[in-house]
Amino acid sequence: MMAPIQPVQPIATASTQALPIHGLDDWADQIGQRLDAGERLVTLFGRADAGDAVLTTAVLQSPSGGLVLLRGCGPRTASFKALTPRHPAAQMFERELWEQTGLTPAGHPWLKPVRYEGDRQQQMATHPFFSVRGQEVHEVGVGPIHASVIEPGHFRFMCHGEQVHHLELQLGYQHRGVEALLLQRPTLALSSTIESVAGDTSIAYAWGYCAAVEALAGSEVSSAAERVRGIALELERIAMHLVALNGLATDIAFLQGGATYGRLRTAIINATMRVCGSRFGRGWLRPGGVRYTITEERRADLLSTLAAFAKDMAEVNALMRGARSVRSRFQGIGVVSQQAATELGLVGLAARASGVTVDSRNSLPGRLYAAHPMPVLTEDSGDCWARMTLRMREVDASVQWLRQVLEAPGLVAEAADGPALAPIGALAPDLLCVSVREGFRGPVVQALETGPDGRLLHYKLQDPSLLNWFGLALAVRDNEISDFPICNKSFDLSYCGNDL
Amino acid sequence: MLKSIRVRRSQGSQFIPDPRQANPVGFRGRPVIADRACETGCQACETACPTRAITLQPAPAEPVSIDLGRCVTCGDCAPACPSAKLSFSNDFKLASTTREGLVLSATRPAPDPVQVSAALRQRFGRSLKLRSVSAGGCNACELEVNALSNVNFDIGRYGIDIVASPRHADGLVLTGPITRNMALALQSCWDAMPAPKLVIAVGACAISGSPFEGSSAIERSFLERFQPTLYLPGCPPHPLSFVCGVLDLLGIAS
């Protein structure tokens, strides 16, 4: 009899003592070969060790398999042959590696700080922006503070008349030094900090963090707890896609759409609050399980909320998609081709809207999404319309998934609070753990490494926005500057997730 | 047209008629400290609190106090207490006009009611325009500030609006712990606002910086120079806390 095939896990651990360590050029070579062979770069980062060396880590994913970890090492002053000229998907990672460790990816076309951290804080004004010259050429600077209630970031448009030739993004205003802070606090008590890394993605971050420390401690949570975590994540996805839909409708003055998506989001986040006390799912997930279970009463509440929601959502989607004014504003605007999305390594919804079939819930399903599969939804046109439509479809898919999981047996708990969280023992020494959770924007990647005493040496965070901001810059090229707000809203990226 | 009418019919009436009387079911709001003795030497709640919002005093003083300005209402303290002394109510009236007013204990179970300011009422009682600045906010406070203008909370009906330019603003809604990289832009925005003007500190980050305390990327001197008129605790604050705090400050009937 064949053994049942284990689902590919959205997490990988490796002993740092057993991992081969390559010289930097060899390391970069191996990554390049794997990328040539069609693997995707999940993350790439470095950490300075206690001496004067930098340890680098790359995580790759093959089209069919799980996660592969590659380690390199070199002195802090070293340089290595940059991957970016041949593999643009590495461009953000190599910039961040350079900013955080000082290693130089030689031949990188544009080593600009990702977030102006460390000694570069408050140095943003010194940055030489790209400039274009010529008659009727002008530049428009927007931000860091914007007109609406939104996080800060600076956008510099280089325009010819109304047409945008290039957009340069200047981020880092939100830099709070989170990665360093995570090492100052007790590793098992990081939940509330993790929930605030990108506060609109609290659940995806919290789940990835919990799964990582559980893996490092060698403990496993119950399948019921895992299902509750999945329910929390899909509720977050619905709520946050509604924020973007609300914003898209409002930005084109389609006010009925805006008002309706706004109150539909209220219904979802208030249902989340009735389970866990917070409209953002704060305090719901903790290492060892979940603080709030799904009781029979809560299950009935969620199911009836979703039923009422699905009906009204379908109505407003039909209104929005059927309106000629909406089609005229979104179709053909802010296009990112499938080729560009693939080469740039865009992730999550932004990639799928350009026809790239990537969704870690499908490729790294773990036992939950293996038991309850989530289809990978894509659109072909790569424009604002595609990103809007895909959000609507992903909301529908999450509603269906939630109904299925809420109705499956074995979920309902007797007690509302508890069962008590499974105890988490000491973290194993010399382990590197990479966990991936597909948040509403895309994969949230977290890498934790313990030292010989089991204490954390490094906590690396990666929001999907890190990679997707460049997609926005590309999308607005050759569009009118007045279309920037809808392009920006259609991506709906995180500033603090980029700035950390 | 028919689609539009159908959506309008389903939308119905969504506004909360009187925010002061609202009942947000399940909301983890005001911490409740039971008036009973702690176990000798127990520090479980203080240890469980990730933002050092809980202070323990030796007897005979008030044993447990919780600073709402530092509290992220994560709820981690309640199950940690062996004496079941801590719980949370869904009370959202958490605003205070003073920083000290946010510290709760068994004998001081809620912040003092926000006092109407006659001067502010005269100036802004019928029209208060606010400019939001996120200085390191994680987008949770920002989304809740945005929600103030949705069809549920609808602060526009009280003459309170979020405006696009600091030139049009009477008040600064500050979210986030204030990062070094935003300190200059925040100051420029404040300088661009015409006097008289006020600061509203929204969320634990803005009030105390506690969620990111100890980071070298935070620079909070702005708040030493400009003291907030209103503190709205939470992580993020519920929109009802915001609405009621401002209505009380300006003496607006709901």
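This is a predicted model: local features need pLDDT of at least 70, side-chain atom pairs count only at pLDDT 80 or more; totals for chains, interfaces and linings use all residues.
User: Okay, and is helix 9 of chain B enclosed or exposed?

Analyst: For that, look at how many of the helix residues are buried. In general, an α-helix has 3.6 residues a turn, so residues three or four places apart point the same way. Here, twelve of the twelve residues of helix 9 of chain B are buried, so this helix is largely enclosed by the rest of the structure. Among them are B:P239, B:F242, B:C244, B:D248 and B:L250.

User: Which elements do those buried residues pack against?

Analyst: They pack against pieces of chain B, including helix 4 (118-124), helix 5 (140-147), strand 6 (128-134) and strand 9 (198-202).

User: What comes just after helix 9 of chain B?

Analyst: There you'll find B:G251, with a positive phi of about 65 degrees.

User: Now chain A: how does its radius of gyration fit a compact globule?

Analyst: Compare the rule with the model. With 500 residues, a compact globule would have a radius of gyration near 23 Å, and chain A has 22 Å, which agrees. Its C-alpha trace spans about 70 × 60 × 45 Å along the principal axes.

User: What else can I read off chain A?

Analyst: Chain A has 17 helices and 15 strands, and 55% of its 500 residues count as buried.

Notes. Residues are numbered from 1 along each chain as its sequence is written. Chains are lettered from A and ligands numbered from 1 in the order in which they are written. A residue is buried if 20 or more other C-beta atoms lie within 10 Å of its own, exposed if 12 or fewer, and partly exposed in between; C-beta atoms are placed from the backbone. Helices (H or I, at least four residues) and strands (E, at least two) are DSSP runs, numbered from the N terminus. Two residues are in contact if their C-beta atoms, placed from the backbone, lie within 7 Å. The radius of gyration is taken over C-alpha atoms; the globule rule is 2.2 Å times the number of residues to the power 0.38.
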